[in-house]
Amino acid sequence: MSEELPPDVDDPSIPDEEFLYRRIPLQPADNIQPTEVEGECRPSSGNFRSDGPLSVDRSSLTTPGQTRDRGRPGIFHVAQVQAKVARQCGCRLVKDPMLDNPAHILMFGNHDSGAGALNGKQAKVVARAARIVLWSGPPL
Amino acid sequence: MPVANQLHKLRDFSDPPVVETVLGVQFAPLSFAIPHFGLYWSRIQPEFPQYRVLPPLGHVREQFGAQSGSLIRKMGFEVVQEPDIRCWFLDRPGNQIIQVQRDRFIYNWQKISGSEVYPRYESVRGRFEAEWKQFGDFLDQGGFGKPEVNQCEVTYVNHLEYEKGWKSFGELNKVISCWSGKHSGTFLPEPEKVSMTVNYLLPNNQGRMYVSLEPVIRTRDAKEVLQLNLTVRGAPASSDQAAVLQWLDVGRQWVVEGFTDFTTDVMHNIWGRSK
Amino acid sequence: MTADAVTIQSQPTMRLESRQGRQNQDYFLRADTQGVGVIKLPPEWTWQVEPIKKVLGTLLLPENWDSYGGRTPKSQAAETAIQIIASITQADPPRPRVVPLGTGGIQLEWKKGQRELEVECRPDGSVEVLKIEGDAEGELCSACLPADVVRLVAWLMAA
């Protein structure tokens, strides 16, 4: 994340249909849970809680594998969620490209602290819609 | 017999399951207020830079004779001008703790990572002796006078890990020598859990030993273990440093010999018993 | 050596602490001289052990465990989470999921049928609860007490 945060103003040039990637740690196992569809998993809302705005990557500028590998040496799954889901629950999406990650975006939320984090409701909405698209663990 | 010789004659284990040794004294309550904790801490802070504040321990005295077996414990209902607290002062790695309250001084050595080598009683005793003396000097210089020690206490905390010589409570007889695991009939299944408390009287009313066994979860690694605690408590002959140390040596002898008697030869081999 | 007394202990040694008129039981061993941290296991605990071990396991996560600067959960968050788990007296409730948060908190999650509870135990030990039914956005309750969570678990179990 860049040292200074960009302004908390939604960037409409990020299309609603864009998928946003986020690394999900393999451990603890409760980080992910199955959905109603067999073989499909989604992350817990806890993976979208942070002290400030949430870091995600734009799918148009990177791949799930590249997102995963930016987390090395740890082992991570990668989850994706559409930009419109974040916007529908009141989040703002702001480009924040970095030298080693031009796909980087910050998702600003409405947490009471005013620091730009997602609140509990927003994290839940995003988590419900998110799906694991790159699985790094042993087969289910 | 000189103390040093007594220490050498006790049973010895190369890899005992002990995770903590506690040596402590209790004395008549002092008019020790909150600022005095800070003043004392300033003397030991270079070596004990961390602190925690906890609720105080009750004032405990072993009773014998007509009230044998009962333990009188005042829970501090007296009206005090200031809140009653207990302070922990910890060294940087957290292995050593000095616990202070108005009527107690306690020195702990505990494993933090689990990989530390147990420092042996002689070393722990030496540290207690030095810290207790320093505390006594602080009290003397602060006008509190000499503490009137009425109880001494030695505790060894042991963690018996599952899968090291035993797997379940159905195999507790492999660990505890006085537990047969047998029933008079065939109706009952293997026990799900066992907790046990056994008290022993020291001769000549020197004190009492409490042995407790219960399943716990160890917080440092979230592991379920069986905690076996041996606590010996009683009154020293006087408040003098020598009398306190002599009582602690007796208490420690009871803990070590008691631990050995209470556990099985099978476990002794696992723990590397050498004598 | 003969035993002075033998008791088979059915009640653990725990210190009861009054807080706001309610009884709070301190399962973190603070009532005697021991320094080594343990959670005593009352005889009646069965399902509670695994989630409590998971809570303690989160304390072992390193800083930046999530690769986004996530902080190791704080011991106060863990104490609150354990207090909540220990306070649930319903027989055989759904098992909570235990999720560490990058904020240094710990989240307990329950689901039964269409009802869900997400209990955020914050680094300072405070609690916020998200109560959800069906596809609704949910209701946030800040500054909840463990007793409030217990009532909400009863609501969840009635699903």
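The following conversation concerns a predicted model with chains A, B and C.

Visitor: What are the ipTM and pTM of the model?
Guide: The predicted model scores an ipTM of 0.92 and a pTM of 0.84.

Visitor: And chain C, what pLDDT does it average?
Guide: Chain C has an average pLDDT of 81, and 81% of its residues score at least 70.

Visitor: Where in chain C is confidence lowest, and where is it highest?
Guide: The lowest confidence in chain C falls in strand β2 (residues 15-19), with a mean of 27, whereas strand β5 (residues 97-100) has the highest, at 98. Residues 1-26 of chain C have a pLDDT below 50, and this stretch makes 36 contacts in the model beyond near neighbours in sequence.

Visitor: Turning to the helices of chain C, at what angle do α1 and α2 pack?
Guide: Helix α1 (residues 49-58) and helix α2 (residues 75-87) of chain C pack at about 175°, and their axes are 10 Å apart. Because angles over 145 degrees count as roughly antiparallel, α1(C) and α2(C) are described as roughly antiparallel to each other.

Visitor: Which residues meet there?
Guide: From α1(C), the residues are Pro51(C), Ile52(C), Val55(C), Leu56(C) and Thr58(C); from α2(C), they are Ala78(C), Ala81(C), Ile82(C) and Ile85(C). By class, the contact has 8 nonpolar residues, 1 polar residue and no charged ones.

Visitor: What is the strand order in the open sheet of chain C?
Guide: The order is β5-β6-β7-β8-β9, an open sheet of 5 strands with antiparallel pairing. Its edge strands are β5 and β9 (139-141) of chain C, each of which pairs on one side only. On average, neighbouring strands are turned by 20° against each other, direction ignored.

Visitor: How many bridges pair β8 with β9 in chain C?
Guide: Strand β8 (residues 127-133) and β9 of chain C pair over 3 bridges in the antiparallel sense. Leu130(C) has Leu140(C) in β9(C) as its bridge partner.

Visitor: Which strands does α2(C) lie across?
Guide: Helix α2(C) lies across β6 (106-112), β7 (115-121) and β8 of chain C, and runs at about 25° to β6(C). Helix α3 (residues 146-157) of chain C also packs on the sheet, where it touches β6, β7 and β8 of chain C, and its direction makes about 160° with that of β7(C).

Visitor: Now the interface: how many residues of chain B are in contact with chain C?
Guide: On the chain B side there are 35 residues, in contact with 25 residues of chain C. Strands of chain B that each supply at least two residues to this side are β1 (18-27), β6 (96-101), β7 (104-110), β8 (149-161), β9 (196-201) and β10 (208-218). The largest share, 6 residues, comes from β9(B). The side of chain B that touches chain C comprises 16 nonpolar, 11 polar and 8 charged residues.

Visitor: Which strand of chain C do bridges join to β10(B)?
Guide: That strand is β4 (residues 38-40) of chain C, which is joined to β10(B) by 3 bridges and runs antiparallel to it. Within β4(C), Val38(C) stands opposite Arg218(B).

Visitor: Finally, chain A: what is the strand order in its open sheet?
Guide: The open sheet of chain A has 6 strands in the order β6-β7-β4-β1-β5-β8, with antiparallel pairing. Strands β6 (92-95) and β8 (131-134) of chain A are the edges, each pairing on one side only. Neighbouring strands of this sheet are turned by 45° against each other on average, direction ignored.

Visitor: How many bridges pair β1(A) with β5(A)?
Guide: Strand β1 (residues 19-25) and strand β5 (residues 76-82) of chain A pair over 7 bridges, in the antiparallel sense. Arg22(A) stands opposite Ala79(A) in β5(A).

Methods
Residues are numbered from 1 along each chain as its sequence is written. Chains are lettered from A and ligands numbered from 1 in the order in which they are written. This is a predicted model: local features need pLDDT of at least 70, side-chain atom pairs count only at pLDDT 80 or more; totals for chains, interfaces and linings use all residues. Axes are lines fitted to C-alpha atoms, for helices over the stretch in contact, and angles run from 0 to 180 degrees between N-to-C directions. Helices (H or I, at least four residues) and strands (E, at least two) are DSSP runs, numbered from the N terminus. Angles under 35 degrees count as roughly parallel, over 145 as roughly antiparallel, 65 to 115 as roughly perpendicular and the rest as oblique. Two residues are in contact if their C-beta atoms, placed from the backbone, lie within 7 Å. Ala, Val, Leu, Ile, Met, Phe, Trp, Tyr, Cys and Pro count as nonpolar, Asp, Glu, Lys and Arg as charged, and the others, Gly among them, as polar. Two strands pair if DSSP finds at least two bridges between them. pLDDT is the predictor's confidence in each residue, from 0 to 100.
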